[in-house]
Amino acid sequence: MTERWTRNVTRILAPNAGPMTLDGTNTLVVAAPQSRTVVVVDPGPDDAGHLGAVTAAGEVALILLTHHHIDHVEAAPRLARLTGAPVRALDPALCIDAPPLSDGERIEAAGVVIDVVATPGHTADSVSFHLPGDAAPAADAAANADAASPTGVMLTGDTILGRGTTIPAAPDGSLRAYLASLDRLRGFGPIPVLPAHGPMLDDLVAVCDAYAEHRRGRLAEVRHVLSRLGREPATNADLVAAVADAVYADVDPAVRFAAEASVRAQLAYLADAR
């Protein structure tokens, strides 16, 4: 499914729906309206039909990756071979014919300005992309009416999702880094959020506040369980399982591994805070 999300971003939904991917991976095609070339963010699964839809969107000049998880990067090598476009990510191991991304870097391609914002936490290599000149259609008039209004849109990968919440995927992810990334993103103002899974959201500030509050609530639950168990924070397997049993009792067994990864991140955070 292809859908125009903003003036400069089109979402192409990949056919990989599931418990962890929601409706599927949102491959985001970035380009100014009259541009012949496009930038592809998170090409998604190596699926012929999906890649056909992506390449039909325009001449691919650049492929960007928000992080290393397979549902985002699997198709990147094939898309690079098909189009000759370089692949860039924060992790040098994911790059093809191009240097890694750097925090604060400004990229100009396909008639669009893309600012790289390092947002570690979900994974160590997670980045978001700020498009300062873009806007959701409904926001255009408001932005024109008030020059002081926050501008742009934020492509958040898995740092912020369109539904539910994101886990800091320990040991690669970090809750402390994730909370800092939420604070950083909040500073961009109440601009639209374009996630890698789920629908577009209206207000980055509101989402960051809700996510931070959710994390504080989970930490309080974990502290309560530790107190009841008479245990200190640790990431050994039996304690992780016990905390997950208590805090995530109703979780779908298909995503139990994700709940345990989140518990490991929470326990590491609490251990560091002692």
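1. In what order do the five strands of the open sheet run? The order is S7-S8-S9-S10-S11, and the pairing is mixed. This is a predicted model, and the points below describe that model.

2. At the edges of this sheet lie strand S7 (106–109) and strand S11 (193–195), each of which pairs on one side only. From one strand to the next, the twist averages 25 degrees.

3. Strand S10 covers residues 153–157 and pairs with S11 in the parallel sense, over three bridges. Within that region, Gly 157 has Pro 195 of S11 as its bridge partner. Strands of a sheet pair through backbone hydrogen bonds, in either a parallel or an antiparallel manner.

4. Beyond the sheet, the protein chain as a whole has eight helices and eleven strands. Its radius of gyration is 19 Å, close to the 19 Å that the globule rule gives for 274 residues, so the chain is as compact as a globular protein of that length. The C-alpha atoms fill a box of roughly 65 × 45 × 30 Å along the principal axes.

5. Of the 274 residues in the protein chain, 52% are buried. The chain exposes about 11600 Å², and carbon and sulfur atoms supply 54% of that area. Among contacts with a separation of 6 or more, 58% are between residues 24 or more positions apart.

6. On cysteines, the count of disulfides is zero. Cys 95 has a relative accessibility of 16%, and because buried means under 20%, Cys 95 counts as buried. Cys 208 is also buried, with a relative accessible area of 1%.

Note on methods
Residues are numbered from 1 along each chain as its sequence is written. This is a predicted model: local features need pLDDT of at least 70, side-chain atom pairs count only at pLDDT 80 or more; totals for chains, interfaces and linings use all residues. Side-chain values use heavy atoms; hydrogens and water are left out. Two strands pair if DSSP finds at least two bridges between them. Helices (H or I, at least four residues) and strands (E, at least two) are DSSP runs, numbered from the N terminus. Axes are lines fitted to C-alpha atoms, for helices over the stretch in contact, and angles run from 0 to 180 degrees between N-to-C directions. A disulfide is a pair of cysteine sulfur atoms within 2.5 Å. Buried means under 20% relative accessible area, exposed over 50%, partly exposed in between (1.4 Å probe, protein chains only). The radius of gyration is taken over C-alpha atoms; the globule rule is 2.2 Å times the number of residues to the power 0.38. Contact means heavy atoms within 4.5 Å. Accessible areas come from the Shrake-Rupley method with a 1.4 Å probe; for residues, only the protein chains shown count as cover.
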